[in-house]
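Opening the notebook on this one. I'll jot things down in the order I looked them up.

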Amino acid sequence: MGLSLAKGLVKSGKYQPQQITITRRNVRALTSLAEAGYQVTDDNAAAVSQANIVVIAVLPQQLNNLLDTIKDQVKAEQHLLISIASGVMVQDIINRLGLEVPVVRAMPNTAIAIQESMTCIASDRASAEHLEKVKELFDTVGETIEIHEELMTSATALCACGIAFFLRAIRAASQGGIEIGFHAAEALHMAAQTAKGAAALLLVNGSHPENEIDKVTSPKGCTIAGLNEMEHAGFSSALIKGIRLSSVKAGNLYVKE
Ligand SMILES: NC(=O)c1ccc[n+]([C@@H]2O[C@H](COP(=O)([O-])OP(=O)(O)OC[C@H]3O[C@@H](n4cnc5c(N)ncnc54)[C@H](OP(=O)(O)O)[C@@H]3O)[C@@H](O)[C@H]2O)c1
C-alpha cells in the first residue's frame, strides 16, 4: 500500500521520486525503486529525521515495533504522521510515541495501485491544513473523503475489504457466464466490464441503484426473474452480514500491549 501511494504521487506529476524515501527491513527488495530515483533505506529513524510527512504503512502487529524505532526522531513541530494501519486509533499512536504530534489516519484500498482508491481520512488531532495536505496526497491515487474517526473501522469494511467483496461477486458472475456458454477468460472480462459499467452508471449519473435496476427489469422479464432468484438465496443479506462482520473484525486487529 505504501509503495502504491509513492508511485501514485510520482505518477501525478506533483512529486519527484527523489523527494520520497521508502523504507522496509528487506531493503534489497527496493533495488528497482532506487534505480527509479527513490531514496531507499532500512533505517527508519534516519528517514524520519529528514522528513516532514511520514506515512506509516506497516501491518497493525508491526506497528508498535516501528513506532519504538522512530520515537526519538519524531518532533511535533516538524512532522505530520499519516497512518494507514487498520484498527489503530490516532490516540494509540500518540500514546505509544508519548508525544502530541499531528496524526491523520487514512484508509485506502488496493485500487490505489491504479489511482482508483476510495480513501477515507480522519483525525481529531490534526489541523485543517494537515487534513487538507493528506487529502491532496491521497487525491493523487483516487477519491478521498473525510469521516469521523469512530467510523474508520466501518470504512475499512466497506471500502478496503469491499474490494474483495465486489471481486467475489464478479468471479461468481463469470462462473455463471461459463455455465451458460462462455470461455472462462471471456466470461471474466465480460463480467468485469459489466460491473464497471454498473458502478459508472451510479457515479456518472448520481442515481440510485434501484433507478438503474428499474430500467433493466421488464414485466415478467428475465432480469427480474434472475434478480429475485438471487434475493431468495440471500444475495443482499449475505453482503450486508459480511460487511457487518468485517467491521467488527477490523476494530480488533491491533493489540495495544
Ligand atoms: N491491503 C489492503 O487492502 C489495505 C487497505 C487499507 C489499509 N491497509 C493497511 O495498510 C497497512 C499495510 O498493508 P499492506 O497490505 O501494504 O501490507 P504489506 O504488503 O505486508 O506491507 C507492509 C510493509 O511494511 C514493511 N515493514 C514491516 N515492518 C517494518 C519496519 N519495522 N520498518 C520498515 N518497514 C517495515 C514490510 O516490509 P519488510 O518486511 O521488508 O520490512 C512491508 O513492505 C496495514 O496496516 C493494513 O492494515 C491495507
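Predicted model: local features only at pLDDT ≥ 70, side-chain atom pairs only at ≥ 80, totals over all residues.

First thing to check: what percentage of the 257 residues of the protein count as buried? I get 34%, with buried meaning under 20% relative accessible area, exposed over 50% and partly exposed in between (1.4 Å probe, protein chains only).

Residues are numbered from 1 along each chain as its sequence is written, and side-chain values use heavy atoms, with hydrogens and water left out.

**Overall**

I count twelve helices and seven strands; these are DSSP runs (helices H or I, at least four residues; strands E, at least two), numbered from the N terminus. The C-alpha trace spans about 70 × 40 × 30 Å along the principal axes. I also looked at contacts, meaning heavy atoms within 4.5 Å. Among those with a separation of 6 or more, 58% come from residues 24 or more positions apart.

**Ligand site**

I find 19 residues around the ligand, taking a residue as near if one of its heavy atoms lies within 4 Å. The closest are Met-1, Arg-24, Arg-25, Val-58 and Ser-86. Helix α4 (residues 60–70) gives the largest share of that shell, three residues.

Next I went through the polar contacts (pairs of N or O atoms within 3.5 Å; within protein, one must be able to donate a hydrogen and the other to accept it, and residues adjacent in sequence count only if both atoms are side-chain atoms). Ser-86 has a polar side-chain atom 2.6 Å from a ligand oxygen. For Arg-24, an N or O atom of the side chain is 2.7 Å from an oxygen of the ligand, and for Arg-25 the distance from a polar side-chain atom to a ligand oxygen is 2.8 Å. The ligand alone exposes 890 Å², and the protein buries 75% of that (Shrake-Rupley method, 1.4 Å probe; for residues, only the protein chains shown count as cover).

**Helix α1**

I listed the buried residues of α1 (residues 2–11): Ser-4, Leu-5, Ala-6, Gly-8 and Leu-9. They pack against β1 (21–23), β3 (53–56) and α6 (128–139). After α1 comes Gly-13, with a positive phi near 85°.

**Ser-246**

Is Ser-246 buried or exposed? Ser-246 sits in helix α12 (residues 235–250) and counts as buried because its relative accessibility is 16%. Leaving aside neighbours within four places in sequence, I see Ser-246 in contact with Ala-157, Cys-161 and Phe-165.
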